[in-house]
Structure formats: structure tokens, C-alpha cells
Amino acid sequence: MVRFLEYLLIAGYIAVLLVVSHWIGQQAYSWMPAEATAEAQKVDHLFSFLVSIGAFIILGLVGMMVYSVLFFRAPTNDYSEGHPSRGDVRLEILWTATPTVLVLWIAFQGFNIYQQLNILGLGQIVHLHAPLESERAYAADVSDVPKPAAETIDVFVKQWDWSFRYPNNVTSHELHLPVNLRTRLNMHAQEVIHGFYVPEFRLKQDIVPGRNIDLVVTPTRVGKYKLKDSQFSGTYFSLMDTNVYVEPFDKYNQWLAQAADEPMTAKNQAVTEYTQPAKTLFKTSWYTVAPAPSESPVAIERKVSHDT
Ligand SMILES: [Cu+2]
């Protein structure tokens, strides 16, 4: 009877644990910045799933420790050694199989959501026909299979600024995206690795010189966001951010028409800081790469394609 009550207690505890850890997993959605893309929703599902699992494990372990302390305390003045339990095959199978299944489940969930994201796709990574094949051939092969998208915007990044080229050759230092439309960002880096990262998009993509890397994103929330460089790219790395606007399609087109008439401003904070006169009598700063002057994406593309 006592054994039955014990099992009932454990079953009840596991049920409560499942409910509580699921609830904690649901809270995880509020810990992240706003979800601004369809992809972000999927990433947050994965995050919430991982938080629920983590909560279940930690609460389960703490619960067992509290239970042991409460029900298996040594009586007062009992300093004898505990029962030397040595090896329990069932227990060993249990604590080996359980984490194995858990890790496989997490891996499957992660891969599943990555496949659903369909942002870059493994295609770009696993298409290596022969390891010795030259980069150029590989790069050519990859860019032949662009991901389906309604709009394509070229992203040019260099030390230390972002510039974008839209359809009709409109260029800008700002990223404008039409809401609810799958947009392909075709990214080119000029000299070093930079990282495309918008927290609200939950997407991060390294941009490697000599490679055309495209990222497909579906913005779902109108608003203004910040694009930050996620890869340290030298002295003025901290200046490598720019504004991202997700807007209704008609407003996006209005902006495109307006931007077509305005030449791209030569905003380059790095150049400004680099060229400012020294404030002290003697040189205090370390040697650094001189930031390249701001250029139109067309000029950068000419450079990028020349280098590759
Ligand atoms: Cu950078």
C-alpha cells in the first residue's frame, strides 16, 4: 500500500512538473525582443521547447534532492556510514537512455525547425561535390539555386558600413523591407567577415568575402529595427549598425520611388572618426586599417566581383 502511495506521489509530482515546465516554456516567449518575422516565430518555438525541457530537468533534480533531504535524513546523532550501494544496471540504463533520447529529440526538433525556416537551407552547405573543387566553382554552383522570394535586395558590407541595392538600382544605407513578403537578401562582403544580425528577426548570417550568400526572410511586423554586425570586424566595428524599416508594400514602393531621386548619402561614421584631428599632443590610438570611403553599392560590387 505504502509502495502504491509512493508511486502515486511520484506520478503526481511528474504531472505537476510537466504543467509547470510547460508554463515556464510559455513565459520564454516574453523574454525575447518582439517577433518581427515568420522565421522568428519558429525560432521562438524552439527556444520555448528548450526552456521547457530545461525547466523540467532542473525542477525534477531539485525536487528529488529536496525529497531525499526531507525523507532520507539521518536521525540525530547517527554518524554511521550510509548503505554502500554499488552499481544498479536498471538505474544506469535509465540515466543513459533518458538523456540520449532527450538529446536526439532536441536535435531532431532543431533540424526540423531549421528545415522549416528555409532561409539558407543546407543546400548551400552540403553541396560540396568534391572537397578539392575550387571555391569559385563551389560559389558559382551555390548561387545558381536562389531561394524563392518575391523581392531581392543586394546587401554590400565592408569596413565599416552597410549599403543596399534595391530593384531599379536604388541604393541606400538603410534596409527597407515590405511586410509579409518573402525577401531574398543577397549578401556580399568586401574584405573581412561581417555578420548580418537583426535581433527581432532572430536570424544571424555571416557574410564571407568571395561568397554570395543569400538569406530569405519574411517580415511580419511593421516597425523600425536595428541591423548590427555580429562578427568583430576591426576598429570601428561598433559603428556597424544601420536602421531597418519593415513597412506596408505601398509605403515601401513610395520610399523606393523617393530614394531613386535622392543620391545615397555618404554617411560613414568610421571615416568621420578616423579623419578627426587628434585631440591630444601625441598619438594615443593604435594603428588601424583606414576605413574605406563610402561608395555606391555598384562600385562595391565591381570591387567584390573583381576580388573573387
Ligand atoms: Cu563589420
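The structure is a predicted model, in which local features need pLDDT of at least 70 and side-chain atom pairs count only at pLDDT 80 or more, while totals for chains, interfaces and linings use all residues. Residues are numbered from 1 along each chain as its sequence is written, and side-chain values use heavy atoms, with hydrogens and water left out.

Strands here are DSSP runs (E, at least two residues), numbered from the N terminus, and two of them pair if DSSP finds at least two bridges between them.

The copper ion comes next. Its protein donors (N, O and S atoms within 2.8 Å of the metal, or 3.2 Å for Na, K and Ca; water is not among the atoms, so sites may look incomplete) are H194 (ND1), D229 (OD), S233 (OG) and M240 (SD), at 1.7 to 2.2 Å. Angles of 104 to 118 degrees among the four donor atoms make the site tetrahedral, a label that requires all angles to lie between 85 and 135 degrees. Along the chain, the donors are spaced as H-x34-D-x3-S-x6-M. Because H194 belongs to strand 6 and D229 to strand 9, the pair ties together parts 35 residues apart in sequence.

Notes. Four donors count as tetrahedral if all angles lie between 85 and 135 degrees; four count as square planar and six as octahedral if opposite donors are over 155 degrees apart and all others between 65 and 115; anything else is irregular. Helices (H or I, at least four residues) and strands (E, at least two) are DSSP runs, numbered from the N terminus.
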